[in-house]
Amino acid sequence: FQSAPDAYLVTDLFGTISLANQAAAALLQTRQHRLVGKPLTVFFPTESRRDFRLALGRLNDFVGEGGGAILNFPMQAHSGDQFQAELSVVPFSPHT
């Protein structure tokens with residue numbers, strides 16, 4: 001996880017980051033420890049945040065059923081630089 005070449009972020013059902021690897025920190029241009037506890041939406045341009053929250057909410061309906069999706073959204077690094085991201089989102093519950 002930590003040394004993976006791809007950026008990985010683990011969030012709770014509300015999109016709050018609980019784990020992040022070094023590649024995610026580099027992509028988002030911030031320190032790894034500063035990602036934990038932040039809402040993932042802060043790394044989306046303001047005009048995309050509502051759509052992302054709606055998409056995330058729809059996925060929450062499938063927790064524990066193995067549902068998931070590939071989402072394409074613009075994101076932005078801490079510096080404000082924007083990039084197109086492909087997000088593989090798989091909801092799960094540690095209690096199931």
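Visitor: Why is F1 called partly exposed?

Guide: The relative accessible area of F1 is 42%. Buried means under 20%, exposed over 50%, and partly exposed in between (1.4 Å probe, protein chains only), so F1 counts as partly exposed. This is a predicted model, where local features need pLDDT of at least 70 and side-chain atom pairs count only at pLDDT 80 or more, while totals for chains, interfaces and linings use all residues. Residues are numbered from 1 along each chain as its sequence is written, and side-chain values use heavy atoms, leaving out hydrogens and water.

Visitor: What makes Y8 partly exposed?

Guide: Its relative accessibility is 40%, so Y8 gets that label.

Visitor: How many aromatic pairs are there?

Guide: The count is 4. Rings of Phe, Tyr and Trp (its six-membered ring) pair if their centres lie within 6.5 Å; planes under 30 degrees apart are stacked, over 60 edge-to-face, and the rest tilted.

Visitor: Why is the pair of F1 and Y8 called tilted?

Guide: The ring centres of F1 and Y8 are 6.1 Å apart and the planes stand at 40 degrees, so this pair is tilted.

Visitor: And what makes the pair of F44 and F73 edge-to-face?

Guide: Here the centres are 5.9 Å apart, with the planes at 85 degrees, so F44 and F73 are edge-to-face. Both residues are buried.

Visitor: Which residues do ring pairs link into a cluster?

Guide: The cluster consists of F44, F52 and F73.
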